[in-house]
2 protein chains.
Amino acid sequence: MKDLAREVGLSVSVVSRVLGGKGDDFRISEQSQQRVRATAAKHGFSVNQLARSLRLQQTKTIGLLIPDISNSFFSLIARTVEKTARRRGYAIILCDTEDDETIEQEALSLLVDRAVDGLLVSPIGKGSDHIRALYERNVPLVLVDRFFDDLPIPYVTANNEKGAYDGTIHLITHGHRRIGFLQGIPDSKPNVERLRGYRRALADHALPFDPSWVRGSKFEEADGYDSAQALLKQTARPTALFASSSLGALGAMRACLDRGLSVPDDVSLIGFDEYPYARLLAPPLTTIAQPAQAIAEMASGLLMDWLETGNAPAMGVNVLDTNLVLRDSVKPPANDH
Amino acid sequence: MKDLAREVGLSVSVVSRVLGGKGDDFRISEQSQQRVRATAAKHGFSVNQLARSLRLQQTKTIGLLIPDISNSFFSLIARTVEKTARRRGYAIILCDTEDDETIEQEALSLLVDRAVDGLLVSPIGKGSDHIRALYERNVPLVLVDRFFDDLPIPYVTANNEKGAYDGTIHLITHGHRRIGFLQGIPDSKPNVERLRGYRRALADHALPFDPSWVRGSKFEEADGYDSAQALLKQTARPTALFASSSLGALGAMRACLDRGLSVPDDVSLIGFDEYPYARLLAPPLTTIAQPAQAIAEMASGLLMDWLETGNAPAMGVNVLDTNLVLRDSVKPPANDH
DNA sequence: ACCCAACGCACAATCGTTTGTGCCAATTTG
DNA sequence: CAAATTGGCACAAACGATTGTGCGTTGGGT
């Protein structure tokens, strides 16, 4: 900028103001403005964002912290967030925590050290201390998909409880009474909500809840596989499986395949979370679709509004409706069960 | 840092050197070092990376530019890149170009303005001018998956030609002679390479190449669907389809389903690129697996080595082998064809 | 007793912007 | 005609680090 200023024979402050669009506010003559812009364009000059950020204490950058980018739900979140953010001039620094608490911590401080303006976080859900610390340092932060009841932080999520309720009801009305629940990370908010919905559905139909029919500990394919195997190897095995995650449903399908069990003839299956290939699976999978794009748009919108107005949004929970997508993986149980 | 220096009663230069790990090199007494570190820890102080970057002309940040993060191949790339980068202290700024040239340009300048240290780019492949501009400005840059022959830029990719050759040979040895090719972006490097492999396989078996059997223009599900529909509605329809992309294969499956055609009884199908659910599709899909993780590791490794040593890597093309994953979507053609 | 290292640290310039303030001419106002 | 605007711009202090250089104190060697 200094060189530019020298070339046009003006001071850097003039150049800065012109390039910052504040030329008129500071009564820079139209002639000077033109000259500045012309020479800037000629040299392909663009202002150094680093220096600008340092001075302005604002980086126009958002940290996005998610557990697994190769999970289709989160990759859709990431894509949508990146898109809405870029449109408003924000860049995204991406961190994948692999659902590991240590990585989450590291990534969080990496982001804060880089002075991101705000954070979009989908935390593991075990401890909330490091998130609380951010909250107390007044870092603009909105939680996505997962959160903690005890923290007054804005939060956007699908209606996990109702989604799971709907799915379970769907199974029950097809005649299923023994329904296994393949869970993800036990203490994570989506999981407890989905479990709540499942239990409410059971209760509404006066069906007993058997904790031993809740299996699993991670939102991963292998975990779904193991849990399904464990449930299905019992003599009085479930006639239906409710998978709390998309990958879990995939694992469950594989487990059925390996045990020579047909879906849906031997066991019905329903999976939380929708994906483009669900309809092409064998059989096409009945799923509970989450409005991933809407969630991402809302979360990033809340955050950017916050950053730009300076006012934190209402701290309430923002819940978006799910949608039961009927396909062929659910049918009434066989009679011999 | 100034406050910290005042509190310990030393100068900022001392604090900077201690915190930068250069305390010993500058003969800062052990006692002072301890004091500095202790008070820094007490206040949870960490150096401002912005200021540091400005001074050092180095941001420890890599720009990752990919066409579609919700495509499983690229999401795996992104995940691996992020992981290997974080381990070496780099952050990733993610941009999703949606295979749109305008967005690609914008995103590229957004990244350069933010002074990323280097770029990992998977360009659209139509024009190479903006990439060339980066190259000429000496921006450390390695291309992933896609590239341009005319630019001496380091490049990492799967062996697309050989992978497609293997896949096509697989179809031919099963007796197929009329094999449709569902392509992605026509001028993109992976696509032309795959097409080359396909043609070489045909030529090796003295089969004619019919350009009208090459359809499609994007790496998208809908495009695969349309192309497959167009090919299959012909009277002398292909007995086998080679999909140049994973999403294209999905689209082709859907098209077959909609036309009441069985895969593989009526038409065999093979798809480039592997994904976790391919084995659970109806039917389990034979695919050509790309070593996505290895590609990502190699690309990011090359780039970071470059950044740290200052020496550009060999400009050659780095090709990693694909792997044909045999499943049930290919079988000999029915006789009536 | 004198000199010279080795010690241990402080100064100040620099990275590239933004912005509050001040200054001088030209023009308008009373 | 003096006073008050106003137009058009330049100065210089931040923002928060890094680093080449310089400067006073010790202690040991002769």
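This is a predicted model: local features need pLDDT of at least 70, side-chain atom pairs count only at pLDDT 80 or more; totals for chains, interfaces and linings use all residues.
Two residues are taken to be in contact if their C-beta atoms, placed from the backbone, lie within 7 Å.

Leaving aside residues up to four places away in sequence, B:Leu111 touches B:Gly63, B:Ile93, B:Cys95, B:Val116 and B:Leu119. B:Leu111 counts as buried because it has 24 C-beta neighbours inside 10 Å, where 20 or more are required.

Attention now turns to the two chains together. Chain B is superposed on chain A by a rotation of 180° with 0.0 Å of shift along the axis, at an RMSD of 0.1 Å. The two copies are therefore related as by a two-fold rotation axis. Both copies use the same surface, with 100% of the contact residues of chain B recurring in chain A.

The axes of H4(A) and H4(B) come within 9 Å and cross at roughly 145°, and the crossing is left-handed. On the chain A side, A:Leu50, A:Ala51, A:Ser53 and A:Leu54 take part, and they meet B:Leu50, B:Ala51, B:Ser53 and B:Leu54 of H4(B). Sorted by class, this contact comprises six nonpolar and two polar residues, with no charged ones.

Definitions and conventions:
Residues are numbered from 1 along each chain as its sequence is written. Chains are lettered from A and ligands numbered from 1 in the order in which they are written. Axes are lines fitted to C-alpha atoms, for helices over the stretch in contact, and angles run from 0 to 180 degrees between N-to-C directions. Helices (H or I, at least four residues) and strands (E, at least two) are DSSP runs, numbered from the N terminus. A crossing is left-handed if the near helix is turned anticlockwise from the far one by less than a right angle, and right-handed if clockwise. Ala, Val, Leu, Ile, Met, Phe, Trp, Tyr, Cys and Pro count as nonpolar, Asp, Glu, Lys and Arg as charged, and the others, Gly among them, as polar. A residue is buried if 20 or more other C-beta atoms lie within 10 Å of its own, exposed if 12 or fewer, and partly exposed in between; C-beta atoms are placed from the backbone. Copies are superposed by least squares on the C-alpha atoms of residues with pLDDT of at least 70 in both.
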